[in-house]
Amino acid sequence: MPTIINNRVGESIKLGYLAFVLMFAFFPLYIVIVVSFKSNEQFLSNPWFFDPVSEWRWENWAIGWHSVSGYIFNSIFVSFLGTLSTLIIVLMSAYAIARYRFPGKSVLYYLIMATMFLPGTVAALVTLFNLLRQMGLINNLWALVLMASVSGQVTGVFILRNFIEDIPKELFESAQIDGAGHLQQIRHIVLPMSASIISVTCIMDFLASWNNVILPLLLIRDDQLMTIPVGLFHLDGEYVKQYGQLMAGYAISSIPLLVIFVFSMKFFVKGLSAGAIKG
Amino acid sequence: MKYRQPASDSSPASTSHRSAWLTAFSQRGKLYLALYLLILPTVLSLLIFSYYPKVDIFLMSVYRWQPPTIKEFIGLRNFKEAFSDPIFWQSFELVGILLVANLLKLWPGILAAIALNRVKSDRLRYCIQVCFVVPMIIPGMVFLLMWKNFYDPDFGLINRFLNASGGMEVLNWLDTTMPRVSALLAPVQDGVVGPVFGGVGGLIVLGALIIAVGKIKSHDRSRWGDYTVLMLGALIIPVASVFGLQSSPTEGKALAVLLIVIAWMFACAKRLGRAWIAWPFLLLIGTCVFWHEIWRLPLAFIIAVSWRELIRARLDDYDSAPYFRASSLLLIGLGIFFILFGNIWTAPTQQFSNGTPAWLGNKDLVIPAILFWGFPWVGTVGVLIYLSGLQNIPQDVYEAAKLDGVTPLGMIFRIELPLIMTQIRINLIFMTISTLSTYEMFLILLGPEGGPGGRGMVPGLYLFSSAFSEGRFGYACALGIVLFFIILLLTIVYQKYVKVDK
């Protein structure tokens, strides 16, 4: 049957292409893990290539942990607090905008939305830096928390507003009759009803502040306060010769996100595929 | 209706009318107060950290400013310098190259999403989907530094691979051959293309003009009015240059020209309706291409119009479309051919003979290295967004196509691409704006100076380095405003032109 053969050929072409793409996506991860166990001599004599590890250097990981652990804690601090405060602020304002009509609502809503379309995060970096300097937030992790909580708000309000509007009004009304205040309604109705979309936006916010380079590069001076991207950038400058330890550091700095993804993978794949971040 | 008046229906009827009104008023006031309090953190934080810095760049761009000591009012001198700063405008050239490259780099992701969507078994598809998400756990910085290591001249993976596979010899051979090809093309380019079209860019502009003119549907009297309006637009800057805009520019003259251009844009919008928005950009690009012989722009416009009139005199709108398409594609293809083989690799780089080209350290190799960056150019988020569009395609569309005898390959163009156009457009918008504004990669890889010979300088990086390594904050603000308006214009165009239906 020619169609069956056709199907097989087609299927193998598809899978072959996907495998090719995925191979390149996983290649850096593979190299990071393999090289992190090699000794520097082995690496330099035959860099990158697929020879088995001749002697397993576990101490690379210990040294790597020693050099990046501080950065990891800083990054977790910044990204976690930033995401949490974004979530709280966004929930409150999205709830207010989606449920009620009040004087000045459309003005305020467009004021918020306009920042999505107004360019100038690049241009405003200069003045933003000056503003933070005047507030005394240079070399301070709270500046990064603050900026992380500001940057995720607009898309958050936009997405959550649509979701809250779709929640049946009767739920809110019955809760109101039972004497629930606004904050209680947010906690007991909005939060559980839109958990999947909230988790997706939270992960996106978390990733954005996790990978943010420019602001930490400008604001943070002390080595103890650096976040992962900036810290690794500095290590890359210092440690040029010790590839094993460097790669171990890279691998260790991927672990926190690995943990988060293991717990939220289902939400994430579903949420993304459902077109949650279409806008 | 979401309007709620919590008090009015619950107030007891026995109380007097006046006090009922009062309680209702105070209750509603309470509700509003609560709502304002709920929305306050968002508004306040955006006002302080998003709006204030953006307003502040406008205020500070007129100062010679180096905080915290120097702050001196100098009027529009920063802008004057910005407009005549060769590095700044060269950086847009790189943006143009990157945009074209990114347009091509969209395709591997689209194809991957289509292939993923067509995988038969649900379980396997889910597994692959998860596999696409997993690389996101690697911090972006690790990815950057790994690729930087791949490009290392001595033990980078790319040079190793090229040496092992013989690719280095091919490159070495090309290094001597390509300059010879370009030397062969040079007489044609300088002798024919240059004088007739005003260079290779002229070929492409003429091709684009023919497409745009061919798009004008009407064939009654009013088309001559349209031509006149467009012709006026093509003439503004040539005429202004006759009056000394090019030889002795002053602020007054520049401002006057700007006002005339804006007035013309309004006339264009009134006259041509929705299709007007491409014209100002086309003519602007034409002006840039023909900068030193500006009379060519109206001439090219006349050629395009006469070509249209010639064809439309014999054929109707439907039949003439292929002719416009063919002629413009021929011109643009020819232009691209000349650019690829006559303008890029004109001199041997002599980097490949010893087998260790310094990809990120040589001024001729920086741009190719950046273009190859991230091979095979499949972004996780992009794939998942396309996939969300593909999963909305109902199965019977495929079955109907199968009955009509459409091959699997044909289905890509007949079904899948048209139906995920929304997602492609969204990605296109994101891609354009991020190409114009992001510079993290260039800063990390090449440093604030833009690498060897400043070849890797993008506008954002120039802004960054003039503020934070040269300490010229005021000048950086002026650059930022120029960039701001360019991106704003693009956003408006996209809002108008590219309808995104949610």
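# Exercises on a two-chain predicted model

In chain A, the axes of helix H3 (residues 59-99) and helix H6 (141-151) come within 8 Å and cross at roughly 40°. This is a predicted model, in which local features need pLDDT of at least 70 and side-chain atom pairs count only at pLDDT 80 or more, while totals for chains, interfaces and linings use all residues. Residues are numbered from 1 along each chain as its sequence is written, and chains are lettered from A and ligands numbered from 1 in the order in which they are written.

## Exercise 1

Describe how H3(A) passes H6(A), and state which residues meet.

**Solution.** Helices here are DSSP runs (H or I, at least four residues), numbered from the N terminus. Axes are lines fitted to C-alpha atoms over the stretch in contact, with angles from 0 to 180 degrees between N-to-C directions. The crossing of H3(A) and H6(A) is right-handed, a term that applies if the near helix is turned clockwise from the far one by less than a right angle. For the residues, contact requires C-beta atoms, placed from the backbone, to lie within 7 Å. H3(A) contributes residues including A:Phe77, A:Leu81 and A:Ile89, which meet residues of H6(A), among them A:Leu144 and A:Ala148. The residues of this contact divide into 8 nonpolar, 6 polar and no charged, where Ala, Val, Leu, Ile, Met, Phe, Trp, Tyr, Cys and Pro count as nonpolar, Asp, Glu, Lys and Arg as charged, and the others, Gly among them, as polar.

## Exercise 2

Work out what the backbone shows at B:Phe375 and B:Pro376, and at B:Trp377.

**Solution.** The peptide bond between B:Phe375 and B:Pro376 is cis, with omega about 0°, and B:Pro376 lies in the loop between helix H14 (366-372) and helix H15 (380-391) of chain B. In the loop between H14 and H15 there is also B:Trp377, whose phi is positive at about 60° although it is not a glycine. Most residues other than glycine have a negative phi, and most peptide bonds are trans. B:Trp377 is buried because 20 other C-beta atoms lie within 10 Å; the cut-offs are 20 or more for buried, 12 or fewer for exposed, and partly exposed in between, with C-beta atoms placed from the backbone.

## Exercise 3

Is A:Asn139 buried or exposed?

**Solution.** A:Asn139 sits in the loop between helix H5 (125-134) and H6 of chain A, and its phi is near 60°, a positive value in a residue other than glycine. It counts as exposed because it has 11 C-beta neighbours inside 10 Å.

## Exercise 4

Locate B:Val378 and name its contacts beyond four places in sequence.

**Solution.** B:Val378 belongs to the loop between H14 and H15 of chain B, and it counts as buried because it has 24 C-beta neighbours inside 10 Å. Leaving aside neighbours within four places in sequence, B:Val378 is in contact with A:Val21, B:Pro108, B:Gly109, B:Ala112 and B:Val383. The C-alpha atoms of B:Val378 and B:Trp107 are 8.5 Å apart in space, although 271 residues separate them in sequence.

## Exercise 5

Which helix gives the most to the side of chain A that touches chain B?

**Solution.** The contact takes 74 residues from chain A and 74 residues from chain B. On the side of chain A, helix H1 (residues 2-37) gives the most, with 14 residues. By class, that side of chain A has 53 nonpolar, 14 polar and 7 charged residues.

How values were computed. Helix = DSSP H or I, 4+ residues; strand = E, 2+ residues; numbered from the N terminus. Contact = placed C-beta atoms within 7 Å.
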